[in-house]
Amino acid sequence: EALEAQYQAFRLSHDPQQQMHALGDVAYGLRGIGAMEASRIAFMIVAGSSASVRVRANAELELMDLESASGNRVAFERCRSAAEGYRNRMSPSLLVDYHYKLGVGLVRFEQSARARDAFTAGLVLAETHQLNAWYFKIEQALGDLTKRPEHQPLDDRASKLSEAPAVRQMEVELREYAASTAS
């Protein structure tokens, strides 16, 4: 119900900034129920929109995380490159999130040395800007780095909700919206 309400907010909003913010929330919700392709489409629409830098950069970070979770290395690198373009305009919290998601992605692609560098950079930023929740989250990720088995299971959160007719309809409509804005 909450996901449908957010989707309606996206569809009915006349303000492009509010519309993209609502669509970002829809994308999070879709990912949360395991509707990965619909989430990907929603995040891609937001990332390609004229929304604020913060909203677009956040969508790129979420795409980066989604692509690494699904095991798509090429798409992960493409999203990482796009997110890099926003680095000098990211807030400290968003920049720490970038380093965290970069590290997580690199771990998923079995590049622990590069992941350690990303996590360490994020840890330094979190400490510098007193972002304690991020500090502890990254500290935990660094600790887990030495404990990880060679092959991590990829993100597989699909639930029965991801196959619901309303969710499938959202995906169809998001594809149509993406196609109409690309022309």
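Modeller: A residue is called buried under 20% relative accessible area, exposed over 50%, and partly exposed in between. Arg73, at 27% relative accessibility, is therefore partly exposed. Keep in mind that this is a predicted model.

Biologist: What forms a salt bridge with Arg73?

Modeller: A salt bridge needs a side-chain nitrogen of Lys or Arg within 4 Å of a carboxyl oxygen of Asp or Glu. The partner of Arg73 is Glu77, with the closest N and O atoms 3.3 Å apart. Both sit in helix H5 (residues 73-84), and because they are four residues apart, about one helical turn separates them.

Biologist: How many salt bridges does the structure hold?

Modeller: There are 13. One of them joins Arg175 to Glu37, where the closest N and O atoms are 3.8 Å apart. Arg175 belongs to helix H9 (residues 165-182) and Glu37 to helix H3 (residues 36-47), so this pair ties together parts that are 138 residues apart in sequence.

Biologist: Are Arg175 and Glu37 buried, exposed or partly exposed?

Modeller: Arg175 is partly exposed at 41% relative accessibility, and Glu37 is partly exposed at 33%. A network of salt bridges links Glu37, Arg40, Glu67, Glu171 and Arg175.

Biologist: Which residue forms a salt bridge with Lys101?

Modeller: Glu62 does, with the closest N and O atoms 2.8 Å apart. Lys101 is in helix H6 (residues 92-108) and Glu62 in helix H4, so the pair ties together parts that are 39 residues apart in sequence. Lys101 and Glu62 are both buried.

Biologist: What is Glu62 in contact with, leaving aside its neighbours within four places in sequence?

Modeller: Its contacts are Tyr28, Arg31, Phe43, Asp97 and Lys101. The relative accessible area of Glu62 is 8%, which is under the 20% cut-off, so Glu62 counts as buried. Asp65, also placed in helix H4, is buried at 10%. Not counting residues up to four places away in sequence, Asp65 touches Arg31, Lys101, Val104 and Arg108.

Biologist: How many helices and strands does the protein have?

Modeller: The count is nine helices and zero strands. The radius of gyration is 17 Å, close to the 16 Å that the globule rule gives for 183 residues, so the protein is as compact as a globular protein of that length. Buried residues make up 45% of the 183.

Notes
Residues are numbered from 1 along each chain as its sequence is written. This is a predicted model: local features need pLDDT of at least 70, side-chain atom pairs count only at pLDDT 80 or more; totals for chains, interfaces and linings use all residues. Side-chain values use heavy atoms; hydrogens and water are left out. Buried means under 20% relative accessible area, exposed over 50%, partly exposed in between (1.4 Å probe, protein chains only). Contact means heavy atoms within 4.5 Å. Helices (H or I, at least four residues) and strands (E, at least two) are DSSP runs, numbered from the N terminus. The radius of gyration is taken over C-alpha atoms; the globule rule is 2.2 Å times the number of residues to the power 0.38.
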